[in-house]
Amino acid sequence: MVRAGLITKLLSCEQPLLQVLADLATYGWNADAPLAKLNSSHIRNALHRYVHAELSAEQVGEWAEAIECREDIAYDPDSLAGATIFELTNPELTLPLNRVRAEELLQQLSVDS
């Protein structure tokens, strides 16, 4: 599969993360230009899966971390989506993910769309 397709799979949070990351490993984290853009719907999907017990808080954090530093995924770190990715990646510095916080984030992100 080509890199852009793997990035899309990563953002969609529908495939097992370890498999997607293993496939992406051949390309590294760096890129000349972004191949996809993170948007609020990507994060909402991951949070919905958490709320419905399809993903653990740790899995959501790992997913966010996999996105945060990639140069082949564009997002504005100062946007709500960027702040949410930071929060999900760094629960020890921000707020731990729990059901109440996930619902709050979902509400904020639905307004941001």
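**Group meeting: a walk through the helices**

Let's start in helix H3, where you'll find Ile-43. Before going on, the ground rules: this is a predicted model, where local features need pLDDT of at least 70, side-chain atom pairs count only at pLDDT 80 or more, and totals for chains, interfaces and linings use all residues. Residues are numbered from 1 along each chain as its sequence is written, and side-chain values use heavy atoms, with hydrogens and water left out. When I say helix or strand, I mean DSSP runs numbered from the N terminus: H or I of at least four residues for helices, E of at least two for strands.

Back to Ile-43. Its relative accessible area is 0%, so Ile-43 is buried. Buried here means under 20% relative accessible area, exposed is over 50%, and partly exposed is in between, using a 1.4 Å probe and protein chains only. What does Ile-43 touch, leaving aside neighbours within four places in sequence? The list is Leu-38, Trp-63, Ala-81, Thr-84, Ile-85, Leu-88 and Leu-109, where contact means heavy atoms within 4.5 Å. Take Ala-81 from that list: Ile-43 and Ala-81 sit 38 residues apart in sequence, yet 7.4 Å apart in space, C-alpha to C-alpha.

Ala-81 takes us to H5. Seven of the ten residues of H5 are buried, so that helix is largely enclosed by the rest of the structure. The buried ones are Ala-81, Gly-82, Thr-84, Ile-85, Glu-87, Leu-88 and Thr-89.

Now the core. In soluble globular proteins, nonpolar side chains tend to be buried together. By nonpolar core I mean a set of buried Ala, Val, Leu, Ile, Met, Phe, Trp, Tyr and Cys residues joined through side-chain atoms within 4.5 Å. The largest one in this model has 31 residues, and the members touching the most other members are Leu-10, Leu-38, Ile-43, Leu-47, Trp-63, Ile-67 and Leu-88. At least two residues of this core come from each of H1, H2 (17-24), H3 (40-51), H4 (57-68), H5 (80-89) and H6 (99-112).

Look at Trp-63 next. Not counting residues up to four places away in sequence, Trp-63 touches Leu-10, Leu-11, Cys-13, Leu-17, His-42, Ile-43, Ala-46 and Ile-85. Two of those partners deserve a stop. His-42 is in helix H3 and is buried at 16% relative accessible area. Apart from neighbours within four places in sequence, His-42 contacts Leu-11, Ser-12, Lys-37 and Trp-63.

At 6% relative accessibility, Cys-13 is buried. Most residues other than glycine have a negative phi, and most peptide bonds are trans. Cys-13, though not a glycine, has a positive phi of about 60°. Ala-53, in the loop between H3 and H4, also has a positive phi, near 60°. Buried or exposed, which is Ala-53? With a relative accessible area of 67%, Ala-53 is exposed.

Glu-54 is in the loop between H3 and H4 too, and is partly exposed at 48% relative accessible area. Beyond residues up to four places away in sequence, Glu-54 touches Arg-49 and Gln-59.

On to Arg-3, in helix H1 (residues 3-12). It's an arginine, but Arg-3 is buried, with a relative accessible area of 16%. Its side chain reaches the backbone oxygen of Asn-30 at 2.7 Å. That falls under polar contact: a pair of N or O atoms within 3.5 Å, where within protein one must be able to donate a hydrogen and the other to accept it, and residues adjacent in sequence count only if both atoms are side-chain atoms.

Among the residues Arg-3 touches is Asp-72. Where is Asp-72? Look in the loop between H4 and strand E2 (73-74). Asp-72 is buried, with a relative accessible area of 0%. Its side chain makes a polar contact of 2.7 Å with the side chain of Arg-70. Leaving aside neighbours within four places in sequence, the contacts of Asp-72 include Arg-3, Ile-7, Gly-28 and Trp-29. Tyr-27 is 45 residues from Asp-72 in sequence and 9.9 Å away in space, C-alpha to C-alpha.

That's the tour; questions welcome.
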